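Dear colleague,

I am passing on the structure we spoke about, and below it you will find my notes. Please read them with the model open beside you.

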Amino acid sequence: MNKPKVLVTRRWPQAVEARMAANFDVDLNPADKPLTEADFREAMTRYDAILPTVTDRLPATVFAAGTPRTRILANYGVGFSHIDTQAARARGIAVTNTPDVLSECTADIAMTLMLMVARRAGEGERELREGRWTGWRPTHLIGTKVSGATLGIIGFGRIGQAMAQRAHFGFGMKILVQNRSAVAAEVLARYNAVQVPTIEDLLPQCDFVSLHCPGGAANRHLINARRLDLMKPTAFLINTARGEVVDEHALAQSLWFGTIAGAGLDVFEREPAIPDALLHADNLVLLPHLGSATRETREAMGFRVLENLTAFFEGREPQDRVA
Ligand code: DGY
């Protein structure tokens with residue numbers, strides 16, 4: 001039997017590309033050049049499977065023409081708001097993602113951002129590298145204590161819980177949770193966490209707020225000017241979820257006018273573009289979407305795609321089917 005024809009849209013870790021090439025009739029992307037919408041439309045007619053990732057855009061228009069050859073989009077990443085899953089489903093195309101394997105590293109990056117912004121690590125490093133450090137003094141770059149503070153977690157799935165694990169056991173933080181559905185009592189008890197009904201209830205009580213909800217239209221600008229105003233002026237916002245969850249214009253205003261103390265962002269609305277007002281805010285730590293960027297995790301994500309793909313073409317239900 002012919003091997004399924006598979007397109008990988010970006011460069012992947014070498015170990016995964018090698019296994020992929022052994023198991024499938026695969027076209028890799030050695031130049032790592034992002035595909036255009038037109039490339040995707042064409043690919044739909046030539047490949048049995050396409051393996052996109054967060055930098056690819058697959059809106060309804062990609063699925064519009066003709067009868068697709070593609071039967072599965074096996075996404076490399078947990079978030080899939082860049083794929084119009086309704087349109088895919090309407091054309092009979094399955095969609096999978098890669099949950100679990102990146103929860104720990106993404107929570108590690110959220111902790112990194114929280115510590116960096118609270119302890120002014122970015123400002124300190126800039127000062128030192130630019131030769132502006134004049135030496136130790138009692139009033140130099142005074143930050144905010146993280147240990148024992150209250151952390152609000154919005155979205156209490158796997159990554160939110162990994163964040164609670166670190167914050168509760170590592171830093172003795174008090175954990176408040178806001179989640180669309182009720183979180184099981186034993187899960188909350190694990191972190192001594194309390195679930196509150198709404199984001200409005202959560203924000204005014206927190207020293208730190210970390211976002212771990214999905215992106216997409218439903219959560220676009222979930223954190224807007226009105227909600228930023230509910231945060232304490234001494235509080236910090238951390239986003240490792242999706243850029244569109246935060247209204248960047250409103251956040252820039254809050255940072256510049258000091259209505260919150262600071263923020264840490266790993267994701268942006270129009271990546272890789274960052275608004276100037278954010279780039280120049282000193283009370284903001286910015287990272288270039290590094291949540292899952294460890295060798296271990298990026299390989300695990302690739303192998304998880306392989307598992308989903310293998311199951312699909314062997315006629316089994318892929319474990320991570322989302323559409
Ligand atoms: C994801 O998986 O959705 C990340 O944003 C990329 O690791």
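Arg41 is partly exposed, with a relative accessible area of 33%, where partly exposed lies between buried, under 20% relative accessible area, and exposed, over 50% (1.4 Å probe, protein chains only). Glu37 likewise counts as partly exposed, at 33%, and the side chains of Arg41 and Glu37 meet in a salt bridge at 3.4 Å from N to O, a salt bridge being a side-chain nitrogen of Lys or Arg within 4 Å of a carboxyl oxygen of Asp or Glu. These two residues are 4 apart in helix α2, and therefore separated by about one helical turn; helices (H or I, at least four residues) and strands (E, at least two) are DSSP runs, numbered from the N terminus.

Before going further, please note that this is a predicted model, in which local features need pLDDT of at least 70 and side-chain atom pairs count only at pLDDT 80 or more, while totals for chains, interfaces and linings use all residues. Residues are numbered from 1 along each chain as its sequence is written, and side-chain values use heavy atoms, with hydrogens and water left out.

The structure holds 23 salt bridges, and another of them joins Asp282 to Arg126, with the closest N and O atoms 2.9 Å apart. Because Asp282 lies in the loop between α11 and β12 and Arg126 in helix α5 (residues 121–129), this pair ties together parts that are 156 residues apart in sequence. Arg220 also forms a salt bridge with Glu269, at 3.7 Å between the closest N and O atoms; Arg220 sits in the loop between β9 (208–211) and α9 (225–228) and Glu269 in the loop between β11 and α11, so the pair links parts 49 residues apart in sequence. Of these two partners, Arg220 is partly exposed, at 49%, whereas Glu269 is buried, at 17%.

Turning to the strands, Lys5 and Leu7 point one way from β1 (residues 5–8) while Val6 and Val8 point the other way, and all are buried. Strand β1 runs parallel to β2, to which 3 bridges join it, pairing being assigned if DSSP finds at least two bridges between two strands. Within this pairing Lys5 stands opposite Asp25 in β2. Strand β1 also pairs in the parallel sense with β3 (residues 49–51), over 3 bridges, and there Leu7 stands opposite Ile50.

Lastly, a point of backbone geometry: a cis peptide bond, with omega about 5 degrees, joins Glu271 and Pro272, and Pro272 is found in the loop between β11 (262–265) and α11 (276–279).
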